[in-house]
Amino acid sequence: MTAATSLDPTGPIDPTPHAAGPVAPAPNAADLVDPAPQAARLVDPALHATGAQHEIWRWMREHSPVHRHEPTHLPAFWSLTRYEDVRAVYRDPGRFSSASGVLLRPTELREDPGAGMTLALTDPPRHKELRGVVADWFTARSVRALEDAMRGMVRAVLAQVIEAGEADFVHDVAGRLSIYTIGHMMGVLESDHETLFRWTNEAFEAGVSLAAHQELMLYFIDLMDRRTANPADDLVSMLLGGVVEGSLLSEEEVLLNCENLVGATENGRLALAGAMQAFLENPGEWVRLREDRSLLPSAVEETLRWTSSATHSMRTATEPVTLHGQQIEPGDKVVVWVPSANRDESVFPSPFTFDIARKPNRHLALASGEHFCLGATLARAQARILLSELLDCVESIEPAGPLTPVHSITVNGPEHLPVRITGK
Ligand code: HEM
């Protein structure tokens, strides 16, 4: 990039997305009339598209770190917002179970269909065995072996958007990279990657689970049939041969775990697109990275902390727990807000500053403990490859219109990020 690009402090940056973006700086507490009742707004997906949730979390971290939410369309739950509490809950699956669901769901939908069956929705010791079935595909060695393929995908995708001159960075770059990669790992034919991408987009943009997308589920059933007949070296074959507690996984378990793996990449695409947004909004940090590539690893960590694209995780208490004077009872739902933990001022100096050299940076964007993100190494590699290819191949990249933020209490980031892009 040259000094004349929009990723230069002097370059043309569209101000529109900044105020609306989920990573916008928190407003002052004094701007909130009475922050206490504002906490109830956390269940409103629209709030999370404004940036205002950060000030509510800041108030909660200080004044109500274990905050009770009465039932709405969602069940009653406790909110935890401080870094140490969020980390402690993630690291204590004995007292905070994942088995009946890890996301807030409208009460009318009842229990998550994957409860007790998918990787995310099982507790130890079953969880450990199930994770062992697929873990080999996500080790540092396996991800390294995928790097050339991922770099090739990034180059191909960037070449297309450079030729077009404009792109939706979420859809055309981050989304394609995320889905093509998991498709490759699962054994989806390369000629079907684009179809898989279209179906997952439809589901993500409609805010529905992949399980609700009939064509996608039928595709996986067909793929499972093909792999049962002819096992190959891929994730679907691993799941089909997976033995947990002495028994092969059922077809339903294999299917739901396929859905879980593909669905989990939504966090990845939002984190990649959110990283782009962060650099567009902080062009000085892009110049810094361009001038000192040794900052790439810490820049990747900072984009993860900054974007925190998984907004919450839920657990169910299994025994009475007293925390900061509040009594949590067995069966109570406990929600940890990840972007809040990652902006905790007692852990991160100047938490609302995007600083690509930040160290230490022990963020919780990828969780912690037993359920630590299985795709963590993959997600980090994707971000590193994408940023370095952008530095290598792109002359200038600038906003081509206002971004649209995701409206969700589950994930956050840009839903659409239009950019104008010129190659070198
Ligand atoms: C930067 C992008 C990503 C973020 C921020 C992220 C975040 C998370 C978080 C917070 C959890 C814990 C959920 C919980 O226990 O409640 C998790 C788990 C998981 N993630 Fe990621 N994730 C990312 C990318 C990926 C990718 C690319 C994959 C690839 C398939 C993936 C697969 C998984 C799986 C399978 C789990 C469940 C692990 C388990 O329960 O043992 N993630 N992720």
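Predicted model: local features only at pLDDT ≥ 70, side-chain atom pairs only at ≥ 80, totals over all residues.
A polar contact is a pair of N or O atoms within 3.5 Å.

**The ligand and its polar contacts**

| Residue | Protein atom | Ligand atom | Distance |
|---|---|---|---|
| Leu119 | polar backbone atom | oxygen | 3.2 Å |
| Arg131 | polar side-chain atom | oxygen | 2.7 Å |
| Ser313 | polar side-chain atom | oxygen | 2.8 Å |

Two or more residues of the shell around the ligand are given by each of α5 (126–134), α11 and β7 (312–317). Helix α11 supplies five residues, the largest share of that shell. Sorted by class, the shell holds 17 nonpolar, seven polar and three charged residues. There are 27 residues around the ligand, and those that come nearest are His127, Arg131, Arg315, His371 and Cys373.

**The iron atom**

Which protein residue provides a donor to the iron atom of the ligand? Cys373 does, through its SG atom, at 2.3 Å, and this is the single donor from the protein. Cys373 sits in the loop that runs between α14 (338–341) and α15 (376–393).

**Helices α8 and α11**

Helix α11, which spans residues 251–281, also packs with helix α8, residues 193–206. Their axes are 11 Å apart and meet at an angle of about 75 degrees. Angles of 65 to 115 degrees count as roughly perpendicular, so α8 is roughly perpendicular to α11. On the α8 side the contact is made by Phe197, Thr200, Asn201, Phe204 and Glu205. On the α11 side the residues are Val262, Gly263, Thr265, Glu266 and Arg269. By class, the residues of this contact divide into three nonpolar, four polar and three charged.

**Backbone details in the loops**

The bond from Pro124 to Pro125 is cis, and its omega is near 5 degrees. Pro125 lies in the loop between β3 (96–97) and α5. The bond from Lys359 to Pro360 is cis as well, with omega near -10 degrees. Pro360 belongs to the loop between α14 and α15, and the place of Cys373 is in the loop between these two helices too.

A further detail concerns phi. Ser308 is not a glycine, yet its phi is positive, at about 35 degrees. This serine is in the loop between α13 (296–307) and β7.

Key
Residues numbered from 1 in each chain as written. Heavy atoms only, no water. Axes fitted to C-alpha atoms, helices over the stretch in contact; angles between N-to-C directions. Helix = DSSP H or I, 4+ residues; strand = E, 2+ residues; numbered from the N terminus. Parallel < 35°, antiparallel > 145°, perpendicular 65-115°, else oblique. Contact = heavy atoms within 4.5 Å. Nonpolar A, V, L, I, M, F, W, Y, C, P; charged D, E, K, R; others polar. Donors = N, O, S within 2.8 Å, 3.2 Å for Na, K, Ca; no water. Near = heavy atom within 4 Å. Polar contact = N/O pair within 3.5 Å; in protein donor to acceptor, adjacent residues only side chain to side chain.
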